[in-house]
Amino acid sequence: AHLAAGQQELSAKKDVIDTRLDQVQTELRAQMERLGQLVGQLGQRNAEQFGKVDESLRTQAEITQALSASTQSLREALANPKARGQWGERMAEDVLRLAGFIEHVNYEKQTAVEGTRALPDYTFTMPKGHALYMDVKFPLAAYLKYLEAGTDAERAAHREQFLRDVRLRVKDLAARGYADRARGALDYVLLFLPNESIIGFIHEQSPALVDEALAQKVVLCSPLTLFA
């Protein structure tokens, strides 16, 4: 009787354990399914995010490549003296437009000085029949080489060459005598530098050069000072 009762009790406990195990298995299976769904959703979101990052990186690479190509094109263009002159004229035109100046009203381009062969790039009409002349042709070759130089020795050599080129340009412009031979001309002539960093470079490397130009009645002006 005791053995039969014990077996019956064990059988009942076995049924309870089996039922509990079935419940645990069901819960584990449900949790694994939910975990699988979460992992799938996380993987999908990560894939979307990585896709966006990859697309952003490709876009940035394309922009960088385009900027590099534009920079190279600009360097090649500025290596040509004629192109540099056109660039200087374009910069000057932008400044004059911002200042509200109008061609054939406030200034003339490439107009010969009366009674001479001198051909300034710009002639500004001033009150009482006076005129102010400006030239935009400026030496940039050595300055560009200075920016691209790989050693201190190369930079020093190109810096000195650039400053010599500027002095020669000032001397050449002063020798044309715009301020002396033209009737009604102002006492000084403007030499336009198409970039603020260039005039800053000259002030830093050779401050006396500006005074040397003024002594020859040539005023070095950047876009900002031209606007003023």
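**Helix contacts**

Author: In α6, residues I202, H203, E204 and Q205 meet P207, L209 and V210 of α7. Contact means heavy atoms within 4.5 Å; helices (H or I, at least four residues) and strands (E, at least two) are DSSP runs, numbered from the N terminus. This is a predicted model, where local features need pLDDT of at least 70, side-chain atom pairs count only at pLDDT 80 or more, and totals for chains, interfaces and linings use all residues. Residues are numbered from 1 along each chain as its sequence is written, and side-chain values use heavy atoms, with hydrogens and water left out.

Reader: At what angle do the axes of α6 and α7 cross?

Author: Axes are lines fitted to C-alpha atoms, for helices over the stretch in contact, and angles run from 0 to 180 degrees between N-to-C directions. The axes of α6 (residues 196-205) and α7 (residues 207-215) cross at roughly 105° and come within 4 Å. The two helices α6 and α7 are therefore roughly perpendicular to each other (angles of 65 to 115 degrees; under 35 is roughly parallel, over 145 roughly antiparallel, the rest oblique).

Reader: How do α4 and α7 pack?

Author: Helix α4 (residues 152-175) packs with α7 at about 10°, their axes 10 Å apart, so α4 and α7 are roughly parallel to each other. L163, V166, R167 and V170 of α4 make the contact with L209, E212 and A213 of α7.

Reader: Which residues lie nearest the centre of the largest pocket?

Author: Rolling a probe the size of a water molecule over the atoms shows where empty space is left. On a 1 Å grid over the protein atoms alone, a pocket is an open set of points where a 1.4 Å probe fits, with protein on both sides within 12 Å along at least five of seven lines; lining residues have an atom within 4 Å of a point. Here 14 residues line the largest pocket, with L96, F101, F124, L132 and L226 nearest its centre. β2 (122-125) and α8 (223-227) are the elements that give two or more residues to this lining, and α8 gives the most, with 3 residues.

Reader: How many aromatic pairs are there?

Author: The structure holds 9, counting rings of Phe, Tyr and Trp (its six-membered ring) with centres within 6.5 Å; planes under 30 degrees apart are stacked, over 60 edge-to-face and the rest tilted. Among them, Y107 and F124 form a tilted pair, 6.1 Å centre to centre with 50° between the planes.
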